[in-house]
Amino acid sequence: TRNVQSITALKLILQLALYGAAVAAAAGVRRSTSELGLTILGAGLAIVAALVIIEFVSSQQLYLMLKTALHQKARPDLARRNVARAFYPIALLIWPVLLNLWRRDNRWRAMGVATALTAFIGAILYRIDAAVLALAIGAAAGAGSLRLGRVATLGAMGATSAYFVLTPLILGGGGAPAGLAAAGGVAKASWGARLDIWRFTARLIEQRPFLGWGLDASRAFPGAIPLHPHDAALQVWFELGAVGVGLVVTYFAWLLARIEQVRTRDPALAAAEIASLSAYIVIGALSFGVWQEWWLALGALTMVAFAALTNARRLPRRRDEELGELVPLT
């Protein structure tokens, strides 16, 4: 009997129902509760960022102690990698948190800015390139949205579509461009490994470009593809083909169109949304499998945070508007 846990299609359906319900529920939370939840989330991110820096200084001693206390084996090199994964949720969630804290007093603002800077510096210290790029590109995308407005939204839409459509063409046809190959030669070993995986996957995509090799087919090539291609565009092309890529591009175009609608009434909120979305795409382009449960859950949690932030930024209704026709006209 096949283990249900291994049936990716079933898990995706169940996750869609669960995460969709969570986002819908967050949209109905009261304004005061939304503000409180985001403030607690902001304090939590600040604590996590500080702990990760402390772990760097102490060579992950706290993590190793916890593993030992739980009677689990822990290698120091894996401990470093696992602790550094804290930067990925921070890269996504810092933008709604920072925008929420910006409405508070200077102490809360300072905490939000300090958390973002600590995360960025920590990601550099740990050499987590995907998190560094996600934070930097997210900040640039948010600033561009505030500065350029609709042009930035259209630019994000074009860049996202081009990434998903053109990635296998760029990496296929004889290998990676000279710039990517040179980068792989001078960067750390993981970049060279990524390039090998990407080139191999691009060649397989050329064999079945329209419908792909099937959902979760990445696991069928363990010697060349370790579980997944470490690039969202290549994985979608490889497993679902041009049909799947078309659906993904349509989804992100719809999402950015919704963000543009938000921008017309709340530019700062739209800028934060574009920042988090850009960070999610950047991390997905360099790390993790598209269907990993925790990665999809993190994307859903970011949507929940923005649903709460939308509620928190709504102006409280006047008493006469709440009472409606019960208030006599004068």
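**Pockets and aromatic pairs in a predicted model**

Trainee: Which residues lie nearest the centre of the largest pocket?

Mentor: The lining of the largest pocket in this predicted model is made up of 49 residues. The pocket has a volume of about 1,800 Å³. Nearest its centre lie Y251, W254, L255, G299 and M303.

Trainee: Which element gives the largest share of the lining of the largest pocket?

Mentor: Elements that each supply at least two lining residues are α1 (8–27), α8 (150–171), α11 (232–263), α12 (267–286) and α13 (293–312). The largest share, 14 residues, comes from α11.

Trainee: How many residues in the lining of the largest pocket are charged?

Mentor: The lining of the largest pocket holds 34 nonpolar residues and 11 polar ones. The charged residues there number four.

Trainee: How much space lies in the second largest pocket, and which residues are closest to its centre?

Mentor: The second largest pocket holds about 680 Å³ of space. It is lined by 23 residues. Elements giving two or more residues to this lining are α4 (76–84), α7 (129–148) and α10 (189–207). Closest to the centre are R81, Y88, S190, R194 and S287.

Trainee: How many residues in the lining of the second largest pocket are charged?

Mentor: This lining has 10 nonpolar and five polar residues. Its charged residues number eight.

Trainee: How many helices and how many strands does the protein have?

Mentor: From the N terminus on, the elements run α-α-α-α-α-α-α-α-α-α-α-α-α-α. The count is therefore 14 helices and zero strands.

Trainee: What percentage of contacts between residues at least 6 apart in sequence join residues at least 24 apart?

Mentor: The protein has 330 residues, and buried residues make up 42% of them. Among contacts between residues at least 6 apart in sequence, the share joining residues at least 24 apart is 75%.

Trainee: Why is the pair of F288 and W294 classed as it is?

Mentor: A search of the whole structure finds 15 aromatic pairs. The ring centres of F288 and W294 are 4.8 Å apart, and their planes stand at 80 degrees. Because planes over 60 degrees apart count as edge-to-face, the pair of F288 and W294 is edge-to-face.

Trainee: Is F288 buried or exposed, and which residues form an aromatic cluster with it?

Mentor: W294 is partly exposed, with a relative accessible area of 35%. For F288 the relative accessible area is 10%, and under 20% counts as buried, so F288 is buried. F288 forms one aromatic cluster with Y88, Y280, W294 and W295.

Definitions and conventions. Residues numbered from 1 in each chain as written. Predicted model: local features only at pLDDT ≥ 70, side-chain atom pairs only at ≥ 80, totals over all residues. Heavy atoms only, no water. 1 Å grid on protein atoms, 1.4 Å probe; cavity = no way out; pocket = protein on both sides within 12 Å on 5 of 7 lines; lining within 4 Å. Points joined across faces, edges and corners; volume = space filled by probe spheres on them. Helix = DSSP H or I, 4+ residues; strand = E, 2+ residues; numbered from the N terminus. Nonpolar A, V, L, I, M, F, W, Y, C, P; charged D, E, K, R; others polar. Buried < 20%, exposed > 50% of the residue type's maximum accessible area, 1.4 Å probe, protein only. Contact = heavy atoms within 4.5 Å. Phe/Tyr/Trp six-rings, centres within 6.5 Å; stacked < 30°, edge-to-face > 60°.
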